[in-house]
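Subject: Handover of a structure and notes on it

Dear colleague,

Please find the structure below, followed by an account of what was found in it.

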Amino acid sequence: MKQIESRHWIFGGLFVIVIITMVLNINLEVRVTPETDRFYACLDSLPAGATVIVSFDHEASSLPEIRPLALAVLRHAFSRDLKLVGTALLAEGTAVGYRLMTQTADEYGKTYGEDYVYLGFKPQYIAAILSMGESIPDTYPEDYLGQPYRDYEMLVDVENYDDIAAVISIADGSLTTHWIEYGASRYNIRIVAAVTAAMMTTYDPYLASGQLYAMFGGLRGATEYEQLIGIGGSGKRGMLAQSAAHVYVMVLIIAGNIIYFRTRRRKGSAS
Amino acid sequence: MNRRIAQIVCFAFGALLFALYFSQHPAARKLNATVMIDYWQIIFAITLLVGVLGFVRMTWGSIRKGDDRPYRIVSLIGLGSMPVLAIIWGIRGDSPFMWMFEYVLVPMQSTVFALLAFFVASASFRGFRARSAPAAVLLAAAILTLLSRSSLEGIVPQFFTEAADWVRGNPSMAARRAILIGIGLGSLTTSLRVILGIERTWLGGEK
């Protein structure tokens, strides 16, 4: 009974801390890390009018982390006048990606079909990545809205990865690995990724080897990116709650260890 | 005899796809595209159908037996209603399908995901103890990582975030590389064993 009570106190404490930090408006500065800077520089260096694939390779569960990342990247891309081609390798990311793209496009006055097109979902991600390397119109004969691929003027010259400047994979799992293994190694397309914090270490070896050109992630990454593009978003707000939760967890770890060592010492002196 | 045919088909397609991956010949690329775009998608659709039928069969069996009946019924209603909504009203814009997706599925999944934070908090208090030297090292690395993924730059000395970056860039990366190389070699070996017929467990066991 005592153990259940302590757990409930811990849950309650976390709940209260997150609520308080979400209500308060504290301005915490974040240092922009070199990896986020590299991602930013990569998009920033692309010429206006270059076609970029944005792949929404995530599920709905990770939206609180993915949405600020995606919005920051899309805002940067639209502000640089890049032509965006949206895809999704997971079914759940399809609707989310479409909403995010149209929402951001509206902010920048971009027109569907001229500045961006959303191709939608294709099952079997490895097959989709490989077949897009051969022919994007054959892989997606129609876009998400059911219009023929060939009807869009911005896609007339886009046949395969040779006509794409980069692929931005917005992922919460290992799908970026497939972009690297099949897109980058087979077709030499430049892959950049915006991923959840938990997945960042997974991609570190690919980033270090250069197979993944640039990567940033997590709410911290989103906050850094928002700082770089000069537009505040939900990343900063979420980061505040996350930082408070991290401090809370650290305090719990330290408290747990103090209790553990005191109990051990007491047991040792008793015997 | 059936096993022999399956092995031959496996060898033929395994070797063909392996060769197609490296070939730049137009015929090979065309064949590759056909296999990737058409046949793989058809196989995927059939596997999806098999999965759905298996789920319905299993859930229906549980409902009849009375195991977790309310939850199973909700599962079946969910499985059945989404395709029906999509077929009748489509999946775009403000369709009922999208309403269900945005206001039922997304909040439910986000809630389950958010619950993890509560369990992590509880587990960190009760289980994350420096019982041994390796456990203490792990604990220190965890605290450094938590610090580095927070916006506490003005409060915490720069040394801690630099130390966290070092941990991520060196010991963590080395371990990750070893695991990835191991997975790669393991996948390669298993694939070759399957293609060459040495590994036959996928055929349903040895007799």
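Two residues are in contact when they have heavy atoms within 4.5 Å of each other. Helices (H or I, at least four residues) and strands (E, at least two) are DSSP runs, numbered from the N terminus. A residue is buried when its relative accessible area is under 20%, exposed when that area is over 50%, and partly exposed in between (1.4 Å probe, protein chains only).

This is a predicted model, in which local features need pLDDT of at least 70 and side-chain atom pairs count only at pLDDT 80 or more, while totals for chains, interfaces and linings use all residues. Residues are numbered from 1 along each chain as its sequence is written, chains are lettered from A and ligands numbered from 1 in the order in which they are written, and side-chain values use heavy atoms, with hydrogens and water left out.

Chain A as a whole

Chain A contains ten helices and six strands. Of its 271 residues, 58% are buried. Along the principal axes, the C-alpha atoms of chain A fill a box of roughly 80 × 40 × 35 Å. If one takes the contacts in chain A between residues at least 6 apart in sequence, 74% of them join residues at least 24 apart.

The sheet of chain A

Strands of a sheet pair through backbone hydrogen bonds, either parallel or antiparallel. Two strands are said to pair here if DSSP finds at least two bridges between them. In chain A, six strands form an open sheet with parallel pairing, in the order S3-S2-S1-S4-S5-S6. Its edge strands are S3 and S6 (214-217) of chain A, each of which pairs on one side only. On average, neighbouring strands of this sheet are turned by 15 degrees against each other, direction ignored. For such angles, axes are lines fitted to C-alpha atoms, for helices over the stretch in contact, and angles run from 0 to 180 degrees between N-to-C directions.

Strand S4 (residues 166-171) of chain A runs parallel to S5(A) and is joined to it by five bridges. Within this pairing, Ser169(A) has Ala193(A) as its bridge partner, and Ala171(A) stands opposite Val195(A). Helix H8 (residues 200-209) of chain A packs on the sheet, where it touches S5 and S6 of chain A. The direction of H8 makes about 165 degrees with that of S6(A).

Is S5(A) enclosed or open to the outside? Five of the five residues of S5(A) are buried, so this strand is largely enclosed by the rest of the structure. Ile191(A), Ala193(A) and Val195(A) point one way from the strand, and Val192(A) and Ala194(A) point the other way.

The nonpolar cores

A nonpolar core is a set of buried Ala, Val, Leu, Ile, Met, Phe, Trp, Tyr and Cys residues joined through side-chain atoms within 4.5 Å. The largest has 46 residues, and those touching the most other members are Phe39(A), Leu43(A), Phe56(A), Leu84(A) and Ile168(A). Helix H3 (residues 63-79) of chain A gives the most to this core, namely ten residues. A second, separate core has 38 residues, including Leu89(A), Leu175(A), Ile180(A) and Met215(A).

Helix H2 of chain B has 40 residues (26-65), which at 1.5 Å a residue should span 58 Å, and its end C-alpha atoms are 57 Å apart, which agrees. The expected span is 1.5 Å times one less than the number of residues. H2(B) bends by about 30 degrees at Val35(B), where the bend is the angle between axes fitted to the seven residues ending there and the seven starting there. Among the buried residues of H2(B) are Ala28(B), Val35(B), Met36(B) and Ile63(B). The elements covering the buried residues include H5, H6 (136-139) and H7 of chain A, together with H1 (2-22) and H3 (69-89) of chain B. Just after H2(B), Gly66(B) takes a positive phi of about 90 degrees.

Individual residues

Gln124(A), although not a glycine, has a positive phi of about 65 degrees. This residue lies in the loop between strand S3 (116-121) and helix H5 (125-134) of chain A, and is partly exposed at 23% relative accessibility. Asn188(A), also not a glycine, has a positive phi of about 60 degrees and is exposed, with a relative accessible area of 68%.

Ser110(B) is in helix H4 (residues 96-126) of chain B and counts as buried at 17% relative accessibility. Leaving aside neighbours within four places in sequence, Ser110(B) is in contact with Ala60(A), Ser61(A) and Pro64(A).

Yours sincerely
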